[in-house]
Amino acid sequence: MKIQVLGSAAGGGFPQWNCNCANCDGVRKGSIAARPRTQSSIAITENNEDWVLVNASPDLLAQIKALPALQPARAVRDSGIAAVLLMDAQIDHVTGLLMLRERGSPLPLYATEQVMADLTDGLNIGRVLAHYCGIDWRPVQPDRGGFTIAPLQRTRFTPVSLESKAPPYSPHRNDPHPGDNIGLTITDAHSGRSAFYAPGLGELTPAVAEAMSGADVLLVDGTFWHADEMRLLGLSSKTAADMGHLPQSGPGGMIDVLDRMPAGRKILIHINNSNPILREDSPERALLEKHGIEVAYDGMEIEL
Ligand code: MLT
Ligand code: MN
Ligand code: ZN
């Protein structure tokens, strides 16, 4: 089984369209050692032809163009994307669903009841898509074991609830429920090897710590370096905690968490454009390397 990183940036991407922070300005001008990144999504395959998309990024069409294997061309209208699984209902993870509207049949969509409610009552994507291909909703229940997604056969998806919030637009933003956000263990039943994926991870609950401890590969929240990064750069008053993200630095931060984990590969994903780790020659990046932590990039492949 293979995990393909389609997009490794947080909401807004890198560079972000309206941002002139040192990172965005530098990557736009080519004056810093950093590569552009599209918004957060991964795809899973067993045969390089049939794929499960985990999150549908607003950059999905560019991601499909960048990866010809997502378009196997077996018929006059075709796609390798067999189904989509959502981790939450955030704009950067769901708006790409609208780009799949030309499908000839309803889109198999694996999502929790809470995410589906936000997609239908908050963002209206569910109702809008009903006028195009439609959605074939497959309810996901976190913390109740794993399931497979056809046509993938030997890949098991095991969701765990995350302690976090529904998106800002959600009618129940201030009334959190299990299922608003999930993390995912992706297991290859043949090799027994697994990856834990959580692009938004604010808190290490015992269930999350257990899932992370058992995984061979960790692909987790790399949004912010500093707990107060956006304010320090004059970009926003929101803290990492306000947004449900555990920063990498500081006591109890993601570096500390990853240091305790036995996984063979530790990879940060969903990186905000403000994060100094985007610069390949930064001291922050060197510190990650010292801890054996990698930074995901668009096009990265992880074999399990
Ligand atoms: C987040 O995960 O906090 C998002 O990237 C924010 C957004 O998409 O607006
Ligand atoms: Mn996000
Ligand atoms: Zn920026």
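A residue counts as buried when its relative accessible area is under 20%. Cys 133, with a relative accessible area of 9%, is therefore buried. Keep that cut-off in mind as we walk through this structure, which is a predicted model.

Let's go next to the zinc ion (ligand 3). Its protein donors are the SG atoms of Cys 19, Cys 21 and Cys 24, together with OD1 of Asn 273, and they lie 2.3 to 2.4 Å from the ion. Along the chain, these donors follow the spacing C-x1-C-x2-C-x248-N. The angles among the four donor atoms run from 100 to 122 degrees, and the site is tetrahedral. As a reference for your own geometry checks, the ideal angle for four tetrahedral donors is 109.5 degrees.

How accessible are the cysteines at this site? Cys 19 has a relative accessible area of 7%, so Cys 19 is buried. Cys 21 and Cys 24 are buried too.

The manganese ion (ligand 2) is our next stop. Its protein donors are Asp 92, through OD, and His 270, through NE2, at 2.1 to 2.2 Å from the ion. Asp 92 sits in helix α3 (residues 91-94), while His 270 belongs to the loop between β11 (265-269) and α9 (283-290), so the pair ties together parts that are 178 residues apart in sequence.

Seven strands form an open sheet with mixed pairing, and their order is β6-β5-β4-β3-β2-β1-β13. At the edges are β6 (135-139) and β13 (301-303), each of which pairs on one side only. From one strand to the next, the twist averages 25 degrees.

Strand β5 (residues 107-111) runs parallel to β6, and five bridges join the two. Within this pair, Tyr 110 stands opposite Arg 138 in β6. Helix α4 (residues 113-122) packs on the sheet here, touching both β5 and β6.

Terms used. Residues numbered from 1 in each chain as written. Chains lettered and ligands numbered in written order. Predicted model: local features only at pLDDT ≥ 70, side-chain atom pairs only at ≥ 80, totals over all residues. Heavy atoms only, no water. Donors = N, O, S within 2.8 Å, 3.2 Å for Na, K, Ca; no water. Tetrahedral: all angles 85-135°; square planar, octahedral: opposite > 155°, others 65-115°. Buried < 20%, exposed > 50% of the residue type's maximum accessible area, 1.4 Å probe, protein only. Helix = DSSP H or I, 4+ residues; strand = E, 2+ residues; numbered from the N terminus. Pairing = 2+ DSSP bridges. Axes fitted to C-alpha atoms, helices over the stretch in contact; angles between N-to-C directions. Contact = heavy atoms within 4.5 Å.
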